[in-house]
Amino acid sequence: MKLYSRGQVFRFVLIVSVLVAGLTALICGKIFSQNNKNQSFAASEAKENSVEEVAQEENYQLAKYENELELETNTPVISAMPVANVNYTQDEVQNINVYELCNDAVVNINTKITSYDWFLEPYVSDGGSGSGSIIDKRGYILTNVHVIQNATKIYVSLSDGTQYEAEVVGQDLDSDLAVIKFDPPEGVTLKTIGFGDSTALKVGQKVIAIGNPFGMERTMTCGIVSGLGRPIQNSNNRIIRNMIQTDASINPGNSGGPLLDTNGKMVGINTMIMSNSGSSSGVGFAVPSQTAIRVVADLIKYGKVQRGTLDVKLVQNSRRIAQYAGLDISTGMLVSEVTKGGNAEKAGMQGGSEAVYYGSRNSVIYLGGDIIIKIDNIKISTLADYYSALESKKPGDVITVLVRRNNKDVSLKITLGE
């Protein structure tokens, strides 16, 4: 058995310890290095995955936005929203130009009316509101009769926020048009809207409405001419012929505002809507400018419209009257009396001869006279039709009146009086 000294044993243990420590350090270093590589690779991969996910999300949102925008405008995002410059379509340029040209000439109209309390004491309350167009630099404004009807005070608000009190120049129930006037301050030049030619309008033509719906001042809506020549009965029970039908949104407050063509000319005066709810349903009506021009001229000059008249007293025919009198028709206007020496008598029109009570003991009409059934080829069924047929006629105009007499049609030429 071989023996070792203490010094040899110590050196042997020291050498083995150093070798084991070195080997252990080497192994640990490799493991640490490998872990670092794995962690670095995992972090890098996670980062790359995060970037890809963000990019995918952004691309998804952009694609979604593009799709939504294309649904609304049918225009790619890039061309519709350039960074450095805004490019408008031709249609947008037209709209912007018309609005900038005309909106300052559209006014907001508010009225005050006299009401009565439970004790029949009068007090002033808010009336209606609507729109109007400045048509003359002297302060003349065109609007609807129903906007200012029964008003004790009328106030107009301009685009700069200033408000003035206005007075009625004239109003015409047959066309639902009225002219009011305010006095602009010295040195103030008003913007005005000119009249266009409504007779040149075509169905499908673009039109623009500016007004104050629900009190929101100078609101612009666009649409097309949906129909022409519409006879519409207004709130005053008058039939207005040749009305312009449009799908441009017209709501309460738009009444009296302008309907414009793409040149900024007023081709109509927005007057009414056809709706079950009282709000726009895509069917609005405007009085044509050809009617407005004639009416405005007379209202400013005379305070009323000069229309030709027949010198007769008329009664609305009905089924009950037709039954009683043995008539073969139950519509039209009965000629109860003709004025002696008047234009109707001179033309050969005949009044009734049989006196009967009508409605009450205080009302007497005469049966047996002519029944007016047409004026210038316009069918006359009611009093509204009669007024409508004469709406555009002036004193001195010659009209053709078709009457029913003894179950036969008789045609008469009559020169209208004042």
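Predicted model: local features only at pLDDT ≥ 70, side-chain atom pairs only at ≥ 80, totals over all residues.
## The largest pocket

Helix H8 (383-390) gives four residues to the lining of the largest pocket, the largest share. Helices here are DSSP runs of H or I with at least four residues, strands are runs of E with at least two, and both are numbered from the N terminus. The pocket has a volume of about 300 Å³. Of the 17 residues that line the pocket, Asp174, Arg307, Gly308, Thr309 and Tyr387 are the closest to its centre. Strand E13 (312-316) and H8 are the elements that give two or more residues to this lining. By residue type, the lining divides into nine nonpolar, three polar and five charged. Ala, Val, Leu, Ile, Met, Phe, Trp, Tyr, Cys and Pro count as nonpolar, Asp, Glu, Lys and Arg as charged, and the others, Gly among them, as polar.

A word on how the pocket is defined: on a 1 Å grid over the protein atoms alone, a pocket is an open set of points where a 1.4 Å probe fits, with protein on both sides within 12 Å along at least five of seven lines, and lining residues have an atom within 4 Å of a point. Points are joined across faces, edges and corners, and the volume is the space filled by probe spheres set on them.

Residues are numbered from 1 along each chain as its sequence is written, and side-chain values use heavy atoms, with hydrogens and water left out.

The mean pLDDT (the predictor's confidence in each residue, from 0 to 100) of the protein chain is 81, and 77% of its residues reach 70 or more. Please take care with residues 37-84, where the pLDDT is below 50.

## Overall fold and cores

The protein chain holds eight helices and 20 strands. Of its 418 residues, 36% count as buried, where buried means under 20% relative accessible area, exposed over 50% and partly exposed in between (1.4 Å probe, protein chains only).

The largest nonpolar core has 26 residues, and Leu142, Leu177, Ile193, Met243, Leu260 and Met266 are those with the most contacts inside it. Such a core is a set of buried Ala, Val, Leu, Ile, Met, Phe, Trp, Tyr and Cys residues joined through side-chain atoms within 4.5 Å. Elements that give two or more residues to this core include helix H3 (90-102), strand E9 (239-246) and helix H5 (289-302). H5 supplies the largest share, four residues. A second, separate core has 18 residues, among them Val312, Ala389, Val401 and Leu416.

Leaving aside neighbours within four places in sequence, Leu260 is in contact with residues including Val98, Cys102, Ile193, Ile208 and Met266. Contact means heavy atoms within 4.5 Å.

## Residues worth a look

Most residues other than glycine have a negative phi. Leu120, in the loop between strand E1 (106-116) and strand E2 (122-136), has a positive phi near 60 degrees. Asp176 also has a positive phi, about 60 degrees, and its place is in the loop between strand E5 (163-172) and E6. Which of the two is buried, and which is exposed? Leu120 counts as exposed because its relative accessibility is 65%, whereas Asp176 is buried at 1%.

Thr152 sits in strand E4 (residues 151-157) and is partly exposed, with a relative accessible area of 43%. Not counting residues up to four places away in sequence, Thr152 touches Lys112, Ile113 and Thr114.
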